[in-house]
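Let's take a walk through a protein model together. Keep the picture open while you read, and look up each residue as it comes along.

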Amino acid sequence: MKKLFAISAILCLLLSLSAVSFASDDMGKAQTVNGWVSDSQCGVKGAHEGAAECTKKCLEKGAKMVVVTDGDQKVLVVTNPEALKGHEGHHIAVTGQIDGDSIHVDSAKML
């Protein structure tokens, strides 16, 4: 019985270590998403061509810069908005680290 318990405990430990390793594989890796640069006030409603002036005004009033992804229209708060300065209202490909509902931008290019 002690042997069975010891083997079970070792298996549980090994499985938990492999799960932690698997979960941490994606953390910190750069990902690229396509989307529109918008603001936290307008969000998805500001994710279209022609919204640049509105986005700039909202950002000046204190709204946070966001990227609204194509397809699923997920709103990602930009943690370093200076990286996207000049791209307000633009459709871009953004490369960076995504953590929940935020993104730290490494680079961006116009689409």
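E53 pairs up with K56 in a salt bridge, and their closest N and O atoms are 3.9 Å apart. This is a predicted model, so keep in mind that the distances come from computed coordinates. Both E53 and K56 sit in helix α2, which covers residues 52-60. The two are three residues apart, or about one turn of the helix. Are these two partners buried or exposed? E53 counts as exposed because its relative accessible area is 51%. K56 is partly exposed, with a relative accessible area of 34%.

Why would such residues pair at all? Side chains of opposite charge can pair when their charged atoms come close.

How many salt bridges does the structure hold? The count is two. The other pair to look up is K74 and D101, whose side chains meet at 3.8 Å, N to O. K74 is in the loop between β2 and β3, while D101 is in the loop between β4 and β5, so this pair ties together parts that are 27 residues apart in sequence. K74 is partly exposed at 34% relative accessible area, and D101 is exposed at 52%.

Here are the two bridges side by side:

| Salt bridge | N to O distance |
|---|---|
| E53 and K56 | 3.9 Å |
| K74 and D101 | 3.8 Å |

Now step back to the whole chain. The protein has two helices and five strands, and along the sequence they come in the order α-β-α-β-β-β-β. Of its 111 residues, 31% are buried. Take the contacts with a separation of 6 or more: 54% of them join residues 24 or more positions apart. The protein exposes about 7400 Å², and carbon and sulfur atoms supply 60% of that area.

What sits in the largest nonpolar core? That core has 12 residues, among them V33, V37, L59, M65, V67 and L76. Strands β1, β2, β3, β4 and β5 each give two or more residues to this core. V105 is also a member. Not counting residues up to four places away in sequence, V105 touches V78, N80, A83, L84, V94, T95 and G96.

Next, go to T69, which lies in strand β2 (residues 65-69). T69 counts as buried because its relative accessibility is 8%, under the 20% cut-off. Which residues does the side chain of T69 reach through polar atoms? One is D72, whose side chain joins that of T69 in a polar contact of 2.4 Å. Another is K74, where the T69 side chain reaches the backbone nitrogen at 2.9 Å. Leaving out residues up to four places away in sequence, T69 touches V33, N34, G35, K74 and L76. V33 and L76 also belong to the largest nonpolar core.

Find Q73 in the loop between β2 and β3. Q73 is partly exposed, with a relative accessible area of 43%.

Then look at the cysteines. How many disulfides are there? The count is zero. C42 is in no disulfide, and its nearest cysteine sulfur, in C54, is 3.9 Å away. C54 itself is partly exposed, with a relative accessible area of 38%.

One last stop is H90, in the loop between β3 and β4. H90 counts as partly exposed, at 25% relative accessibility. Which residues does H90 contact, leaving aside its neighbours within four places in sequence? They are G35, W36, V37 and M110. Two of these names have come up already: G35 is touched by T69, and V37 is part of the largest nonpolar core. The C-alpha atoms of H90 and A51 are separated by 8.4 Å, though these residues are 39 apart along the chain.

Key:
Residues are numbered from 1 along each chain as its sequence is written. This is a predicted model: local features need pLDDT of at least 70, side-chain atom pairs count only at pLDDT 80 or more; totals for chains, interfaces and linings use all residues. Side-chain values use heavy atoms; hydrogens and water are left out. Helices (H or I, at least four residues) and strands (E, at least two) are DSSP runs, numbered from the N terminus. Buried means under 20% relative accessible area, exposed over 50%, partly exposed in between (1.4 Å probe, protein chains only). Contact means heavy atoms within 4.5 Å. Accessible areas come from the Shrake-Rupley method with a 1.4 Å probe; for residues, only the protein chains shown count as cover. A polar contact is a pair of N or O atoms within 3.5 Å; within protein, one must be able to donate a hydrogen and the other to accept it, and residues adjacent in sequence count only if both atoms are side-chain atoms. A disulfide is a pair of cysteine sulfur atoms within 2.5 Å. A salt bridge is a side-chain nitrogen of Lys or Arg within 4 Å of a carboxyl oxygen of Asp or Glu. A nonpolar core is a set of buried Ala, Val, Leu, Ile, Met, Phe, Trp, Tyr and Cys residues joined through side-chain atoms within 4.5 Å.
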